[in-house]
Amino acid sequence: MLGFLKEPFVVTAEINVNLVALTVMGLISRLWGLCYPRAVVFDEVYYGQFVSLYMKRIFFVDDSGPPFGHMLLALGGYLGGFDGNFLWNRIGAEYSMNVPVWSLRFLPALAGALCVPLAYQILVELHFSHCAALGAALLILLENSLITQSRFMLLESILIFFILLAVLSYLKFYNLQKHSAFSGSWWFWLLLTGVACSCAVGVKYMGLFTYMLLLATAGLHFWHMIGDQNLSNVSLLCHFLARGLALIIIPMGLYLSFFYVHLALLYRSGPHDQIMTSAFQASLEGGLARITQGQPLEVAYGSQITLRNVLGKPVQCWLHSHTNTYPIRYENGRGSSHQQQVTCYPFKDVNNWWIVKDPGMQQLVVSNPPRPVRHGHIVQLVHGITTRYLNTHDVAAPLSPHSQEVSCYIDYNISMPAQNLWRVEIVNRESDTDVWKTILSEVRFVHVNTSAVLKASERNNIFIGASLPEWGYRQLEVVGEKLSKGYHQSMVWNVEEHRYGKSQEQKEREVELHSPTQMDISKNLSFMAKFTELQWKILTLKNEDTEHKYSSSALDWITMDTNIAYWLHPTSGAQIHLLGNVATWASANAAALVYLCLSLWYLLRRRRKIYDIPEDAWQLWMAAGGICAGGWAVNYLPFFLMEKTLFLYHYLPAVTFQILLIPVVLQHLGEHLCRSVLLKSMLSALIVAWFSSVYFVYCTFSPVTYGQPALSPTELKALRWKDTWNILIRKQ
């Protein structure tokens with residue numbers, strides 16, 4: 001029974017020394033001196049704020065992309081014991097002792113280091129020689145821009161890591177297809193492809209470009225499988241379902257999980273709350289939740305409410321009125337109704353309170369039992385402090401003459417009767433009998449007499465922004481929109497604060513309006529509701545784009561006519577710049593051009609039934625181009641369509657794929673175009689000389705890649721190889 005113990009238990013393993021050596025060199029190049037400089041470097045001032053908010057569990061929204069990358073940076077801070085207490089207010093600020101600099105920068109550096117062996121393995125899986133794969137890895141190793149971007153608390157190195165991991169995983173899966181379909185390793189690499197794609201998209205939406213490329217590649221490969229008569233219909237269906245599960249369903253589920261963790265971690269109210277709906281704000285601990293906790297759910301006749309405009313951009317605002325009236329005549333000579341002003345006010349105020357009144361009754365208190373207001377009911381809105389009724393009529397609004405003026409009615413005993421009936425329309429109702437609910441219901445108020453919709457006027461059809469002149473205290477204009485067929489968030493309101501009115505007398509009611517509500521009922525949004533709202537905010541919330549000193553155009557990136565100064569030592573000439581390896585970038589451009597020309601030449605010749613290279617070499621050439629040239633194209637060309645401030649680091653994923661194309665082209669030239677021994681020897685000599693130049697450029701620019709040693713003004717001037725580069729030189 002114990003006979004197996006007579007023989008020793010032996011484990012054998014194959015170790016790729018090239019892979020181990022490349023990994024070690026990658027780690028050294030990215031991790032060496034990682035704590036230097038111990039100061040805020042470029043966009044660390046931006047991402048550091050989010051890390052601090054994670055540490056304090058305070059909710060935030062970043063319109064640059066999903067939260068997974070931010071969570072990874074925060075993980076580094078958590079592992080280093082960071083408490084979140086640091087003021088991220090300027091580039092170059094010295095880190096205090098409580099900031100674990102090495103830990104915060106470790107994960108981006110590790111991701112950047114692992115890109116080196118990934119590049120090697122990708123070329124191997126594309127069936128190129130180990131020499132070509134080694135060359136690709138060394139080019140990534142010696143690429144100054146990738147080193148710089150990897151060594152700080154930034155996201156591009158993490159993005160590139162997941163992109164390359166996704167490509168490698170798919171290639172390994174595809175190479176197992178013919179002989180090991182549905183094996184354990186086949187499933188592992190297929191699932192890892194989907195996971196890596198989801199992680200890439202979760203770091204930055206730029207990862208979507210490579211994800212789409214791999215989906216298109218998988219679709220093309222499956223299309224070829226359909227033509228394989230050796231595969232049964234059942235087998236094809238299984239292959240299709242496996243790919244759908246691994247490349248679509250699982251990535252979507254993983255993407256949702258990033259937001260789930262993000263929202264679970266950030267449960268406290270913070271400065272970003274105001275752009276979210278009242279329901280979202282009320283779901284967070286503190287802030288609005290302290291005010292609205294336990295409010296009555298159903299709005300009833302006699303309810304005292306505040307109405308928040310759903311648009312909330314660039315600031316949230318509430319329906320508001322005060323005793324001041326519209327001027328008899330505006331500056332342009334147009335007349336007004338001289339009624340009491342109604343505005344949208346961006347601050348909480350007692351004048352934001354309104355009472356929901358039944359037009360058929362005089363009482364302004366909630367009956368017992370309460371009579372809830374439903375979709376389609378007619379109501380009057382009474383301003384709580386002045387007791388005047390919300391009104392609109394056929395008078396032009398002060399700033400929007402195409403719309404109606406909205407006011408609180410004052411009876412001047414002239415031929416202008418009150419028109420103060422409003423129909424409640426619940427926009428997000430489930431049925432036509434839905435009850436108007438606090439926070440949850442989004443409602444439109446349609447004027448019964450004119451069918452105008454109560455609306456906060458907007459600027460550029462996007463932002464609330466029509467501010468009244470001095471006579472209106474610069475508060476925001478509210479109008480009755482006559483053309484109400486379309487839907488816009490500026491027409492939609494929700495009840496934020498709510499209490500059941502108990503005082504019929506005005507003096508007692510004013511005291512009631514000034515006092516906070518105290519009840520004990522809580523309202524929570526589901527995860528999917530919070531995810532949908534947050535995702536929509538991320539996609540639609542755009543900051544005003546401003547010209548940045550180091551912003552650039554996509555055309556500048558190809559020839560590297562731009563750089564970015566990341567950090568400057570306060571006293572010495574030490575500095576860090578995002579600058580690529582000039583020799584590598586020029587070679588990558590040349591390789592892309594050669595690949596394009598040769599591909600067109602081969603296609604034309606093949607059209608004429610002339611085959612210059614064997615079929616297997618042609619398939620290899622096209623497959624490598626689909627990944628490397630295709631990866632460059634999908635990660636670069638979309639930037640020409642983007643209306644946003646662009647920087648050189650946006651080009652790094654694209655140039656990574658372009659660098660992988662260099663050894664592909666060189667091996668092809670050596671095997672198929674340089675057919676004589678002399679030409680092969682000359683090509684080898686040129687490659688050695690060229691690679692020496694790559695190493696020379698790397699060494700030359702390493703002081704501004706690593707920030708040390710400090711260079712003299714003369715040495716810094718010598719590094720300005722292009723007039724467009726902004727190398728910082730202190731005046732003596």
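Start by selecting Cys197: at 4% relative accessibility, Cys197 counts as buried (buried is under 20% relative accessible area, exposed is over 50%, partly exposed is in between, with a 1.4 Å probe and protein chains only). Before you move on, some ground rules. You're looking at a predicted model, where local features need pLDDT of at least 70 and side-chain atom pairs count only at pLDDT 80 or more, while totals for chains, interfaces and linings use all residues. Residues are numbered from 1 along each chain as its sequence is written, and side-chain values use heavy atoms, leaving out hydrogens and water.

**The cysteines**

Now pick Cys131, which is exposed at 64% relative accessibility. Its closest cysteine sulfur is in Cys674, 14 Å off and too far for a bond; a disulfide here is a pair of cysteine sulfur atoms within 2.5 Å. Back at Cys197, there's no disulfide either: the nearest cysteine sulfur, that of Cys199, is 9.4 Å away.

So where is a disulfide to be found? Select Cys317 and Cys344, joined S to S at 2.1 Å. By the cut-off above, the count comes to 1 disulfide. Look down the S-S bond: with 85 degrees about it, the link of Cys317 and Cys344 is right-handed. Cys317 sits in the loop between strand E1 (303-309) and strand E2 (318-325), and Cys344 is in strand E3 (residues 340-345), so the pair ties together parts 27 residues apart in sequence. (Helices are DSSP runs of H or I with at least four residues, strands are runs of E with at least two, numbered from the N terminus.) Both Cys317 and Cys344 are buried.

**A buried arginine**

Jump to Arg151, in the loop between helix H6 (144-150) and helix H7 (156-175). Arg151 is buried yet has no salt bridge; Glu44, the nearest side chain of opposite charge, is 9.7 Å away. (A salt bridge puts a side-chain nitrogen of Lys or Arg within 4 Å of a carboxyl oxygen of Asp or Glu; Lys and Arg count as positive, Asp and Glu as negative, with His and the chain ends not counted.) Show Gly33 too: the Arg151 side chain reaches the Gly33 backbone oxygen at 3.0 Å.

**Last stops**

Next, highlight Val24 in helix H1 (residues 17-31). Val24 is partly exposed, at 42% relative accessibility.

Finish at Pro614, in the loop between helix H17 (582-607) and helix H18 (615-636). Pro614 is partly exposed, with a relative accessible area of 44%.

Note on methods:
Polar contact = N/O pair within 3.5 Å; in protein donor to acceptor, adjacent residues only side chain to side chain.
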